[in-house]
Amino acid sequence: RSRAQAGCARALGEAEGAPTRRVKVKILSVRGLPGGECCVAPPTAGVELPLCTCEVSGKPHAKTFLMWNCTTEIQGFADGDSLVFTLWDQDTKHQEHIGKGALGG
C-alpha cells in the first residue's frame, strides 16, 4: 500500500484491527414521516423528495448525500457498524431535519 492508502485505512479503522469495506446503498422509499407521509422513488409529478444523508455510525468522515433510486458506495463500513439515514425537508429555506433511521449494528 502507498502511504496515502495506509493513512486512509487508519482513518477508516483498519489500524485498530477492524477491516473496512465499501457498501452499496440505494434508497427507494421511506415511510412514517411526520403527517403520515411516505415517499417513493421516482416521485409523482410535483412531489419534492426529501434530501437524504447516509453515514456509518460513529464515523462522520464516512458520510454522503444519497440520490433517490441511485446506487451509491459508502466506504468505512466494518462488521457490527450501522448505517444511519437522516432525512431533510428541502421545501423550506433552511433544511429541516424530518426523520432518522438506522440499519445494521
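Analyst: Buried residues make up 33% of the 105 residues in the protein. Here buried means under 20% relative accessible area, exposed means over 50%, and partly exposed lies in between, with a 1.4 Å probe and protein chains only. The model is predicted, so local features need pLDDT of at least 70 and side-chain atom pairs count only at pLDDT 80 or more, while totals for chains, interfaces and linings use all residues. Residues are numbered from 1 along each chain as its sequence is written, and side-chain values use heavy atoms, leaving out hydrogens and water.

Confidence comes next. The mean pLDDT (the predictor's confidence in each residue, from 0 to 100) is 75, and 67% of residues reach 70 or more. Over residues 1-15 the pLDDT is below 50; this stretch has 14 contacts in the model beyond near neighbours in sequence. A contact means heavy atoms within 4.5 Å.

The protein has 1 helix and 8 strands. These are DSSP runs numbered from the N terminus: helices are H or I with at least four residues, strands E with at least two. Along the sequence the pattern reads α-β-β-β-β-β-β-β-β. Of the contacts with a separation of 6 or more, 52% join residues 24 or more positions apart.

To the core itself. A nonpolar core is a set of buried Ala, Val, Leu, Ile, Met, Phe, Trp, Tyr and Cys residues joined through side-chain atoms within 4.5 Å. The largest one has 18 residues, and V25, L66, W68, L83 and F85 touch the most other members. Two or more residues come from each of β1 (21-26), β4 (51-56), β5 (59-66), β6 (71-77) and β7 (82-89).

Beyond its neighbours within four places in sequence, F85 contacts V25, C52, T53, C54, L66, G99, K100, G101 and L103. T86 sits in strand β7 and counts as buried, at 6% relative accessibility. Not counting residues up to four places away, T86 touches L51, C52, T53, H97, G99 and K100.

F77 belongs to strand β6. F77 is buried at 12% relative accessible area. With residues up to four places away set aside, its contacts are P19, T20, R21, V23, V56, S82 and L83. The C-alpha atoms of F77 and S57 lie 9.0 Å apart, across 20 residues of sequence.

N69 lies in the loop between β5 and β6. Its phi is near 65°, a positive value in a residue other than glycine. N69 is partly exposed, with a relative accessible area of 35%.

On a 1 Å grid over the protein atoms alone, a pocket is an open set of points where a 1.4 Å probe fits, with protein on both sides within 12 Å along at least five of seven lines; lining residues have an atom within 4 Å of a point. The largest pocket holds about 240 Å³ of space. Its lining has 15 residues, with I27, S29, V30, C52 and F85 nearest its centre. β1, β2 (29-30), β7 and β8 (96-104) each give two or more residues to that lining. β8 supplies the largest share, 5 residues.

How values were computed:
Points joined across faces, edges and corners; volume = space filled by probe spheres on them.
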